[in-house]
Structure formats: C-alpha cells, structure tokens
Amino acid sequence: TNDDYLPNNDPGVLGTTTLTQLTGDPANTSQGVVVVDPLTGDITYTPTAAESGMDVVIVYEVCSDDGVNAPICEQATLTITVSGTDNDNDGVDDSVDLDDDNDGILDTAENPLGLDPSGDNDNDGIPNWSDTDDRGDGTPPVGNEYDNDNDGVPNHLDLDADNDGIYDVDETGGTDADNDGQADDTDGDTTNNDGIP
C-alpha cells in the first residue's frame, strides 16, 4: 500500500482522499499506463516497450478534502526501474540488443520489413512483432512478417525460424562449434558475447 494515501474507509479520514497522476508535470517521464487503486492507493504501472531497462518517474498528488475547508494536497514522485527482457542471456536487454537470440543474424534482418521487432514504433506499449494494429510501419500486419514458420516464436527469438531442423546460424554460414543454435562470439571481444562477429 501507498503510505502517502489514507483509504477513504479509514476512520482517520475526514472526507475524501484522492490520488492523481500529474501527467503535465515536466518531471513525469512515464509513457505507459498508470492505474491507481482507489481503495489502497497502490500504483500499478505497465510500461511501454521503449521504457524497458529505464528508470521511469511518476509524479502524483494526494489530496484530502473534508468538504468544508480547502483541500490539503501533497505532491510526491515515484521512480520505477523497468526491468527488461534478455532472451539470449547475453547481458544486453532485448530493447537494445541487435541480435535477441544470438544466432548471428541482426533482428532487423529477420523480418522483411527491416524493422526492430523489439521496438515499439507506435508507442502503444506493444513490441512491433506482437502488435496487431501496427506492425511497426503504420500498417496492420498482413501475414507472418515476424514469424516465418508460424510456430508462435518470432523470428528474432527463434533459433530455427523456418522450422526445417537446421539452426539459422548454420544456414547463414555462421560458426556454432557447440551446436547450441547461437553464433559463437568470433569478434575477439570476450566482454560482449553478443554473437555478432
């Protein structure tokens, strides 16, 4: 529960307590959806895909109004660190990883649109690859642009995007000595392990 918020059913409340996000405040950086539970004051935040791995600031105001005197209001900020997804466990969040499955093929090359499938071009909180109303270029999907074999795993996360039993890294001439479907890191930089030679 929010310790700035005294629920309206609390005997200490004289009147009505409200909690409101101040979206116009310049310190407010949130782009996602903020939901305030009116009973507890709990704030639930659903970030956009673009906020993955970032700190997001929500500015809000708590007011107590007894219906007689002027409302008493206090502003506060809440900083949320939005954790990201790292499907290939290479230490690079998918939102900025050039190759989310480490198969040695850039994510932008794993779809005919040339777009980042983990991006969110229309800023609706849904990654391009799973967005049903905007595939990333302003038009609705017309096929399986992001899932060639229609197996439910998008190409940029699928180590065998055409489901022929041969890893993508092998089909593109990459090096995969341990046969795990991920390109061996052959660029000589042992600190990045990004699978991109």
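1. Start at a turn. In the hairpin of β4 and β5, Gly-67 takes a positive phi near 80°. Six residues lie between the two strands of this hairpin. Keep in mind that the model is predicted.

2. β4 and β5 pair in the antiparallel sense, over 10 bridges. One place to look is Ser-64, which stands opposite Ile-72 in β5. As background, strands of a sheet pair through backbone hydrogen bonds, and the pairing can be parallel or antiparallel.

3. Next, the pairing of β1. Strand β4 covers residues 55-65, and β1 pairs with β4 in the antiparallel sense over six bridges. Take Thr-16 as an example: its bridge partner in β4 is Asp-65.

4. How well is β5 covered? Hardly: among its 10 residues, the count of buried ones is one.

5. Look for the disulfide. How many does a search of the whole structure find? The search finds one. This disulfide joins Cys-63 to Cys-73, with an S to S distance of 2.0 Å. Cys-63 lies in strand β4 and Cys-73 in strand β5, so the pair ties together parts that are 10 residues apart in sequence.

6. Check the handedness of the bond. The torsion about the S-S bond of Cys-63 and Cys-73 is about 115°, so the disulfide is right-handed.

7. Compare the cover of the two cysteines. Is Cys-63 buried or exposed? Cys-63 is buried, because its relative accessible area is 13% and buried means under 20%. Cys-73 has a relative accessible area of 31%, so Cys-73 is partly exposed.

8. Where is Asp-25 found? It sits in the loop between β1 and β2, and β2 is residues 33-36. Asp-25 has a relative accessible area of 23%, so this residue is partly exposed.

9. What does Asp-25 touch, if residues up to four places away in sequence are not counted? It touches Val-59 and Gln-75. Asp-25 and Tyr-60 are 35 residues apart along the chain, and their C-alpha atoms are separated by 9.0 Å.

10. Step back to the whole chain. Its secondary structure comes to one helix and five strands. From the N terminus on, the elements run β-β-β-β-β-α.

11. Last, the totals. The chain has 197 residues, and buried residues make up 34% of them. Consider the contacts in the chain with a separation of 6 or more: residues 24 or more positions apart account for 42% of these. The accessible surface of the chain comes to about 10,800 Å². Carbon and sulfur atoms hold 51% of that surface.

Terms used:
Residues are numbered from 1 along each chain as its sequence is written. This is a predicted model: local features need pLDDT of at least 70, side-chain atom pairs count only at pLDDT 80 or more; totals for chains, interfaces and linings use all residues. Side-chain values use heavy atoms; hydrogens and water are left out. Two strands pair if DSSP finds at least two bridges between them. Helices (H or I, at least four residues) and strands (E, at least two) are DSSP runs, numbered from the N terminus. Buried means under 20% relative accessible area, exposed over 50%, partly exposed in between (1.4 Å probe, protein chains only). Contact means heavy atoms within 4.5 Å. Accessible areas come from the Shrake-Rupley method with a 1.4 Å probe; for residues, only the protein chains shown count as cover. A disulfide is a pair of cysteine sulfur atoms within 2.5 Å.
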